[in-house]
Amino acid sequence: MTIWRALVPLVLICPSLTFGASKEIVELQRDMALLQEQVRALQRSQDDKLSAIQVLVQQAFDAANKANTSVAVLQDNLQRTSKDQQSKVVTTVVDLGAKMDSMTTDFSALRESVADISSQMGKLQQQVVDIGNAVRSIQAPAVAPPTAVPGNGPGPGTGASSGGTAGSIPQVSAETLYQNAMRDQGGGKDDLALQEFSQYLMDFGNTSLAPSAQFHIAEIHLKQNKLDDALQEFDMVLEKYPDNSKTPDALYMKGVTLVKMGKRTQGKQEFCELVKRFPAIDLAGKARSQVKNLGLTCGPSTTPTRRKKS
């Protein structure tokens, strides 16, 4: 009886406990379902964003490919344009260099002509002075010749008093002889011009045009491919007539002659000597080009060799 009295309250309490536990389980299940729904929503959001990112990446990749293609086309166009412009510039520079060389030659010829004219003017002035002196001597009263004394030898007018020096007087003036030689050289009559220049040096070797005559003799030998003779004559210009208007030309042409003879190093020395002594003239630029074409450089200064004419 006592046992039953104890079991009755226990039976009455158990249903209330079972009811409380079921309520908590229901609430927990509801929370779990809500959490699962949120996870699914988050997953869908991430999938949408990932799809959008993939689309953007693909668009960026396509744009990069198009940009690379455009850059390649632009680079190809630039290279072709650059090559065309470079070709045109090189052609223009070559033409300009040829024109400059031609102008330099013309200027040298003009300078020589001016020097010749100046020399001729000086000679003409001297001739005018000589003519004036001759006129004054003619106008002066004649002096009576002395009376010959018998036994004292031949009188005036005989061969003993007038011979000797008449044969040494040149038959042609210096200007005429030089101009004839220049005309014959320009006309291709090299042998005749060579004789006339040589005669000029024999008769008028101390005049201002003597270095030019010596130079032209060397030029003719070089044109005739007589390299040894040309080299000797260019040395004559440099040794016999130092520091004259033809010194730069003689240095340059001597270098050219040595190069033709296969003596590249000696030819380079002449070009470098020209550059050293006359750095500002146009011919110095041509000398630098010659040294560059030989694949050499102007190193420490050396004294060029001179050949003595036998």
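The points below take up pockets and then helix packing.

1. A word on the basis. This is a predicted model, in which local features need pLDDT of at least 70 and side-chain atom pairs count only at pLDDT 80 or more, while totals for chains, interfaces and linings use all residues. Residues are numbered from 1 along each chain as its sequence is written, and side-chain values use heavy atoms, with hydrogens and water left out.

2. Let us begin with the largest pocket, which holds about 370 Å³ of space. (A pocket is an open set of points on a 1 Å grid over the protein atoms alone, where a 1.4 Å probe fits, with protein on both sides within 12 Å along at least five of seven lines; lining residues have an atom within 4 Å of a point. The volume is the space filled by probe spheres set on the points.) Its lining has 16 residues, and Thr105, Ser108, Phe215, Glu219 and Asp249 lie nearest the centre.

3. Helices H1 (2-139), H5 (210-223), H7 (247-260) and H9 (282-293) each give two or more residues to the lining of the largest pocket; helices here are DSSP runs (H or I, at least four residues) numbered from the N terminus. H1 provides the largest share, five residues. By class, this lining has seven nonpolar, four polar and five charged residues (Ala, Val, Leu, Ile, Met, Phe, Trp, Tyr, Cys and Pro count as nonpolar, Asp, Glu, Lys and Arg as charged, the others, Gly among them, as polar).

4. The second largest pocket holds about 210 Å³. Here H9 gives the most to the lining, with six residues, and the classes are four nonpolar, five polar and three charged. Among the lining residues are Met100, Phe107, Tyr252, Lys286 and Gln290.

5. How do H7 and H9 pack? Their axes come within 10 Å and cross at roughly 15 degrees (axes are lines fitted to C-alpha atoms over the stretch in contact, with angles from 0 to 180 degrees between N-to-C directions). That makes H7 roughly parallel to H9, a label for angles under 35 degrees, with over 145 counting as roughly antiparallel. Pro248, Asp249, Tyr252 and Val256 in H7 meet Leu283, Lys286, Ala287 and Gln290 in H9, where contact means heavy atoms within 4.5 Å.

6. Finally, the axes of H5 and H6 (residues 227-240) come within 8 Å and cross at roughly 165 degrees. H5 and H6 are therefore roughly antiparallel to each other. The residues of their contact divide into 10 nonpolar, two polar and three charged.

Technical notes:
Parallel < 35°, antiparallel > 145°, perpendicular 65-115°, else oblique.
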